[in-house]
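Thanks for coming, everyone. Please look at the sequence and the model on the screen, and I will walk you through them.

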Amino acid sequence: EVEDRLLSDTGMTGARMRVAGVVAAPEIARTVPQIARTLGLTRQAVQRVADDLAERGLAAWRENPEHRRAHLLQLTSEGRAAYGEALQRKALWAQGLSEGLTPAWLAVATELLGLMSRRAGPKTR
């Protein structure tokens with residue numbers, strides 16, 4: 001995946017970025033089920049990524065005063081730094097993709113993607 005290659009030396013991947021984005025602010029910590037609901041993913045999928053972030057030192061588990069067994073995930077300072085670097089790289093990459101495109105080209109692209117999405121969606125009879 002392009003995103004994973006772009007971010008490979010930051011310690012982040014696309015999946016790690018999605019989970020980290022939910023708990024990126026220093027004052028925010030969430031349980032795995034809360035993160036899963038926010039992202040529309042299964043708890044098990046988020047658990048694997050959360051454990052991976054923690055093993056890499058990019059996140060840490062905290063005690064949850066509201067629930068003894070459901071710990072809270074929070075990014076470490078290293079995790080916030082890696083997340084910030086990854087966001088900057090993604091922004092520069094996106095800027096490079098759109099460089100030189102006129103508003104008219106972007107409008108055509110938006111219309112085309114919308115049409116393709118509608119055609120690919122469920123058919124109603």
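**A quick tour**

Let's start with Glu99. Its relative accessibility is 64%, so Glu99 counts as exposed. On the cut-offs: buried means under 20% relative accessible area, exposed means over 50%, and partly exposed is in between, with a 1.4 Å probe and protein chains only. Glu99 sits in the loop between α5 (77-98) and α6. Its C-alpha atom is 23 Å from that of Gly14, and the two residues are 85 residues apart along the chain.

A word on the source. This is a predicted model, where local features need pLDDT of at least 70 and side-chain atom pairs count only at pLDDT 80 or more, while totals for chains, interfaces and linings use all residues. Residues are numbered from 1 along each chain as its sequence is written, and side-chain values use heavy atoms, with hydrogens and water left out.

Now the layout. The protein has six helices and two strands. Both are DSSP runs, numbered from the N terminus: helices are H or I with at least four residues, strands are E with at least two. What order do the elements run in from the N terminus? The order is α-α-α-α-β-β-α-α. The radius of gyration is 18 Å, well over the 14 Å that the globule rule gives for 125 residues, so the protein is more spread out than a compact globule. That radius is taken over C-alpha atoms, and the rule is 2.2 Å times the number of residues to the power 0.38. Along the principal axes, the C-alpha atoms fill a box of roughly 55 × 40 × 25 Å.

Next, burial. Of the 125 residues, 28% are buried. Helix α6 (residues 103-120) is a case to look at. How many of its 18 residues are buried? The number is zero, so α6 lies largely in the open. Its length agrees with expectation: at 1.5 Å a residue, α6 should span 26 Å, and its end C-alpha atoms are 26 Å apart. The expected span is 1.5 Å times one less than the number of residues.

Glu27 lies between α2 and α3 (32-39). Glu27 is exposed, at 64% relative accessible area. Its C-alpha atom is 9.6 Å from that of Leu75, 48 residues along the chain.

Gly11 is in the loop between α1 (2-7) and α2 (14-22). Gly11 is partly exposed, at 21%. Leaving aside neighbours within four places in sequence, Gly11 is in contact with Arg16, Arg56 and Leu58. Contact means heavy atoms within 4.5 Å.

Last, contacts across the protein. Among those between residues at least 6 apart in sequence, 50% join residues at least 24 apart.
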